[in-house]
Amino acid sequence: MKLLLAEDDPLTRRLLQEQLQEWQYDVSTTATGTDALKALCQPDGPKLAILDWQMPGLSGVEVCKQIRGLKSGTYIYI
């Protein structure tokens, strides 16, 4: 399953990525909320996201609000 991990701290991002990959997730990462939103809005984007609360660009809360406001037919689990 494709999963997006959005975390601005490089060490935390790497540790979480490694653990999620051990659990067989196909992990893509971003360091900003803006990049996370772009990745989630792609037609073949991940349908599962782990978002940091505070990131450069958009916060995790802002990304969540924007994703929930979309009128797409596919649900994204955050």
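The following questions and answers concern a predicted model.

User: In which sense do β1 and β2 pair, and over how many bridges?
Analyst: Strand β2 covers residues 26–30, and strand β1 covers residues 2–6. In their pairing, Lys-2 stands opposite Asp-26 of β2. The sense of the pairing is parallel, and the number of bridges is 5.

User: How many of the residues of strand β1 are buried?
Analyst: Buried means under 20% relative accessible area. Strand β1 is largely enclosed by the rest of the structure, because the residues that count as buried number 4 of the 5.

User: Is Val-27 buried or exposed?
Analyst: Val-27 belongs to strand β2. Leaving aside residues up to four places away in sequence, Val-27 touches Leu-3, Leu-5, Gln-17, Leu-20 and Gln-21. The cut-off for buried is under 20%. Val-27 has 12% relative accessibility, so it counts as buried.

User: What distance separates the C-alpha atoms of Val-27 and Lys-2?
Analyst: Along the chain, Val-27 and Lys-2 are 25 residues apart. Val-27 lies in β2, where Asp-26 is the residue opposite Lys-2. The C-alpha atoms of Val-27 and Lys-2 are separated by 6.0 Å.

User: Which residues does Thr-30 touch, not counting those up to four places away in sequence?
Analyst: Thr-30 is in strand β2. Its relative accessibility is 12%, so Thr-30 counts as buried. With residues up to four places away in sequence not counted, Thr-30 touches Leu-4, Leu-5, Ala-6, Glu-7, Arg-13, Asp-35 and Ala-36.

User: Are the helices α2 and α3 parallel or antiparallel to each other?
Analyst: The axes of α2 (residues 33–40) and α3 (residues 60–69) come within 9 Å and cross at roughly 25°. Angles under 35 degrees count as roughly parallel. The two helices, α2 and α3, are therefore roughly parallel.

User: What is the class make-up of the contact of α2 with α3?
Analyst: The crossing of α2 and α3 is right-handed. On the α2 side, the contact is made by Gly-33, Leu-37 and Leu-40, and on the α3 side by Val-63, Gln-66 and Ile-67. By class, the contact has 4 nonpolar, 2 polar and no charged residues.

User: What is the phi of Gln-24?
Analyst: Gln-24 sits in the loop between α1 (10–22) and β2. At 65% relative accessibility, Gln-24 counts as exposed. Most residues other than glycine have a negative phi. Gln-24 is not a glycine, yet its phi is positive, at about 75°.

Notes
Residues are numbered from 1 along each chain as its sequence is written. This is a predicted model: local features need pLDDT of at least 70, side-chain atom pairs count only at pLDDT 80 or more; totals for chains, interfaces and linings use all residues. Side-chain values use heavy atoms; hydrogens and water are left out. Buried means under 20% relative accessible area, exposed over 50%, partly exposed in between (1.4 Å probe, protein chains only). Contact means heavy atoms within 4.5 Å. Axes are lines fitted to C-alpha atoms, for helices over the stretch in contact, and angles run from 0 to 180 degrees between N-to-C directions. Angles under 35 degrees count as roughly parallel, over 145 as roughly antiparallel, 65 to 115 as roughly perpendicular and the rest as oblique. A crossing is left-handed if the near helix is turned anticlockwise from the far one by less than a right angle, and right-handed if clockwise. Ala, Val, Leu, Ile, Met, Phe, Trp, Tyr, Cys and Pro count as nonpolar, Asp, Glu, Lys and Arg as charged, and the others, Gly among them, as polar. Two strands pair if DSSP finds at least two bridges between them.
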